[in-house]
Amino acid sequence: MTTPARPTGRVEPTRRAQRTQERGDRTRLSIIEETIACVREEGFQAASAKHITERAGVTWGVIQYHFGGRDGLLMAVVDHGYSLLREAISAIEVPAGTVRDRVQAVVDAGWVAFSDPVTMAALEILVATRSDRDPVLDQHLVELGRRLSDLGRAIDPDHRDRRAVGDLLWATLRGLVLVRLIVRGPVDTTAERAALVDTLTAHLQIPASPDRG
């Protein structure tokens, strides 16, 4: 006689529950992506609650369910953008070669990450909400600064100003993105990025003076 299995006390998620969760995740991501497109195409002021629901093809109740409201949605966009940016920066590898080769590779990869539409939308929202945003989001900026400082150290681990190199990368790339946000029409930053490579290369090739070791 077969003894019936005892209940384990753990309820496994049903396929229906899993499908519901997946559908909810897709809806949430779709709203975030549509908000990003709205900010990039029409500017932050156009990203009203009514306009976002129209573009995303959802009701206001759906927005409230997933984000609590417009502010929660905007902060979710920032979180999404900075998560992708952190991943992109963390994935940058400094190649072997000359100082210029290493600097060029980091500047090129950093610019691709910073000029991504998702990153630009997140930066635009941060600028527009700087007086009343969640302080937790400010930690994103601090963490990104640290990661770029790490890149500066990776370019030339033995240089006395290796941290300053990362700080300059952070400031310059962020500044070039902001130029794109405030200037109408396309902006070519090729010359500025080439100057950044020249500046960092020249700085890193200066030997340490005896008194600074």
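# Buried sites, salt bridges and patches

Me: Is Val197 buried or exposed?
Reply: Val197 has a relative accessible area of 1%. The model is predicted, so local features need pLDDT of at least 70 and side-chain atom pairs count only at pLDDT 80 or more, while totals for chains, interfaces and linings use all residues. Residues are numbered from 1 along each chain as its sequence is written, and side-chain values use heavy atoms, with hydrogens and water left out. Because buried means under 20% relative accessible area, exposed over 50% and partly exposed in between (1.4 Å probe, protein chains only), Val197 is buried.

Me: How many Å apart in space are Val197 and Gln104, C-alpha to C-alpha?
Reply: Val197 is found in helix 9 (residues 190-204); helices are DSSP runs of H or I with at least four residues, numbered from the N terminus. Leaving aside neighbours within four places in sequence, Val197 is in contact (heavy atoms within 4.5 Å) with Arg100, Val103, Gln104 and Val107. Val197 and Gln104 are 93 residues apart in sequence, and their C-alpha atoms are 5.9 Å apart.

Me: Which residue meets Arg100 in a salt bridge?
Reply: A salt bridge is a side-chain nitrogen of Lys or Arg within 4 Å of a carboxyl oxygen of Asp or Glu. Side chains of opposite charge can pair when their charged atoms come close. At 3.0 Å from N to O, the side chain of Arg100 meets that of Asp198.

Me: How many residues apart are Arg100 and Asp198, the pair that links distant parts of the chain?
Reply: Arg100 is partly exposed at 36% relative accessibility, and Asp198 is partly exposed at 39%. Their side chains form a salt bridge. The pair links distant parts of the chain, with Arg100 in helix 5 (residues 99-114), Asp198 in helix 9, and a separation of 98 residues.

Me: How many salt bridges are there by this rule?
Reply: One of them joins Glu54 to Lys50, with the closest N and O atoms 2.5 Å apart. Another joins Arg55 to Glu41, with 3.1 Å between the closest N and O atoms. By this rule the count comes to six.

Me: Glu54 and Lys50 are separated by about what?
Reply: Glu54 counts as partly exposed at 48% relative accessibility, whereas Lys50 counts as exposed at 58%. Both lie in helix 2, four residues apart, which means that they are separated by about one helical turn.

Me: Which residues are linked with Arg55 in a network of salt bridges?
Reply: Arg55 forms a salt bridge with Glu41. This pair links distant parts of the chain, since Arg55 is in helix 2 (residues 49-56) and Glu41 in helix 1, 14 residues apart. Arg55 is partly exposed at 23% relative accessibility, while Glu41 is exposed at 58%. Arg55 is linked in a network with Glu34, Glu41 and Glu42.

Me: What is the relative accessible area of Glu124?
Reply: Glu124 has its place in helix 6 (residues 117-128). Not counting residues up to four places away in sequence, Glu124 touches Val39, Arg40, Gly43, Phe44 and Leu181. Glu124 is buried, with a relative accessible area of 15%.

Me: How many Å apart in space are Arg40 and Glu124, C-alpha to C-alpha?
Reply: Arg40 is found in helix 1 and is partly exposed, with a relative accessible area of 28%. Beyond four places in sequence, the residues touched by Arg40 are Pro117, Met120, Ala121, Glu124 and Leu181. Arg40 and Glu124 are 84 residues apart in sequence, with a C-alpha distance of 8.5 Å.

Me: What separates the C-alpha atoms of Arg70 and Ala49, in Å?
Reply: Arg70 is in helix 4 (residues 70-90) and counts as partly exposed at 26% relative accessibility. Leaving out residues up to four places away in sequence, Arg70 touches Phe44, Ala47, Ser48, Ala49 and Trp60. Arg70 and Ala49 are 21 residues apart along the chain, and their C-alpha atoms are separated by 5.9 Å.

Me: Which residues form a nonpolar patch on the surface?
Reply: Patches are made of residues with over 30% relative accessible area and no salt bridge, where like charges are joined within 9 Å and nonpolar side chains (Val, Leu, Ile, Met, Phe, Trp, Tyr) within 5 Å. Ile182 lies in helix 8 (residues 162-182) and is exposed at 70% relative accessibility. With about 260 Å² of accessible area together (Shrake-Rupley method, 1.4 Å probe), the nonpolar patch is formed by Val179, Ile182 and Val183.

How values were computed:
Helices (H or I, at least four residues) and strands (E, at least two) are DSSP runs, numbered from the N terminus.
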